[in-house]
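Thanks for coming, everyone. I have one structure to walk through today. Let me put it up.

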Amino acid sequence: MKTLRILVIHGPNLNLLGTREPGHYGHTTLADINQSLINLGDSLGLEVTTYQSNHEGELVDRIHQAASESIDGIVINPAAYTHTSIALRDAMLATNIPFIEVHLSNIHRREDFRHRSMLADAATGIVAGFGGTSYLLALRGLQDHLYQITEQNRGE
Ligand code: DQA
């Protein structure tokens, strides 16, 4: 079976993890999260690439690029753009790459404006509330999903 290629995208302010609002986001840095994703990817036989930007248009461009790179699946924490960005939603729909939406915090325990996601109904799944572990759970879930759809395609 070919090695699955997974892109992990982090949205705005997630570069500040470790010092940013530790009550919500903990003390783990983005570098720690990325390293643990790459380590888990290695043990699962996945090729994991990570990307962070504070700019909506750059995130859109990176999603478009993923389609031309034959990325099989995306794990995305759109951060504050979760709640506002039709552009990110449209980019995910346009590329049609299966994706998991991730949040460190449980957005449903927080302010009302965080309860709405512009992407969630287009996602394969959502993981929220487990800190950095949310990303690792998402990676496992995405791998499982990609295997299932590969099996389905083979059976058709
Ligand atoms: C977040 C939740 C968002 O509401 C917030 O704007 C973030 C991070 C999370 O990972 O919990 O920046 O996506």
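Where does Glu 21 lie? Glu 21 sits in the loop between strand E1, residues 4–10, and H1. Keep in mind that this is a predicted model. Glu 21 has a positive phi of about 30°, and it is not a glycine. Most residues other than glycine have a negative phi.

Ala 79 is in the loop between strand E3, residues 73–77, and helix H4, residues 86–95. Ala 79 counts as buried, because its relative accessibility is 12%, and the cut-off is under 20%.

Next, the annotated positions. The UniProt record, an unreviewed entry, carries the annotation "active site" for Tyr 25 and His 103. They are spread over 79 residues of sequence, yet they cluster in space, with a largest C-alpha distance of 9.3 Å.

Take Tyr 25. You will find Tyr 25 in helix H1, residues 22–25. Tyr 25 is buried, at 9% relative accessible area. What does Tyr 25 touch, beyond residues up to four places away in sequence? The list is Leu 17, Arg 20, Leu 104, Ser 105, Arg 110 and Arg 114.

Now His 103. His 103 is in strand E4, residues 99–103. His 103 is buried too, with a relative accessible area of 4%. Leaving aside neighbours within four places in sequence, His 103 has contacts that include Asn 77, Pro 78, Thr 82, Val 127 and Phe 130.

On to the ligand. Which residues are around the ligand? Both annotated residues, Tyr 25 and His 103, are there.

Look at the polar side-chain atoms. One on Arg 20 lies 3.0 Å from an oxygen atom of the ligand. For His 103, the distance to a ligand oxygen atom is 2.8 Å. For Arg 114, that distance is 2.8 Å. How much of the ligand does the protein cover? The protein covers 99% of the 320 Å² of accessible area that the ligand has on its own.

That's my tour.

Note on methods: Residues are numbered from 1 along each chain as its sequence is written. This is a predicted model: local features need pLDDT of at least 70, side-chain atom pairs count only at pLDDT 80 or more; totals for chains, interfaces and linings use all residues. Side-chain values use heavy atoms; hydrogens and water are left out. UniProt positions are given in the numbering used here, feature names are shortened, and annotations may be inferred rather than shown by experiment. Helices (H or I, at least four residues) and strands (E, at least two) are DSSP runs, numbered from the N terminus. Buried means under 20% relative accessible area, exposed over 50%, partly exposed in between (1.4 Å probe, protein chains only). Contact means heavy atoms within 4.5 Å. A residue is near a molecule or strand if one of its heavy atoms lies within 4 Å of it. A polar contact is a pair of N or O atoms within 3.5 Å; within protein, one must be able to donate a hydrogen and the other to accept it, and residues adjacent in sequence count only if both atoms are side-chain atoms. Accessible areas come from the Shrake-Rupley method with a 1.4 Å probe; for residues, only the protein chains shown count as cover.
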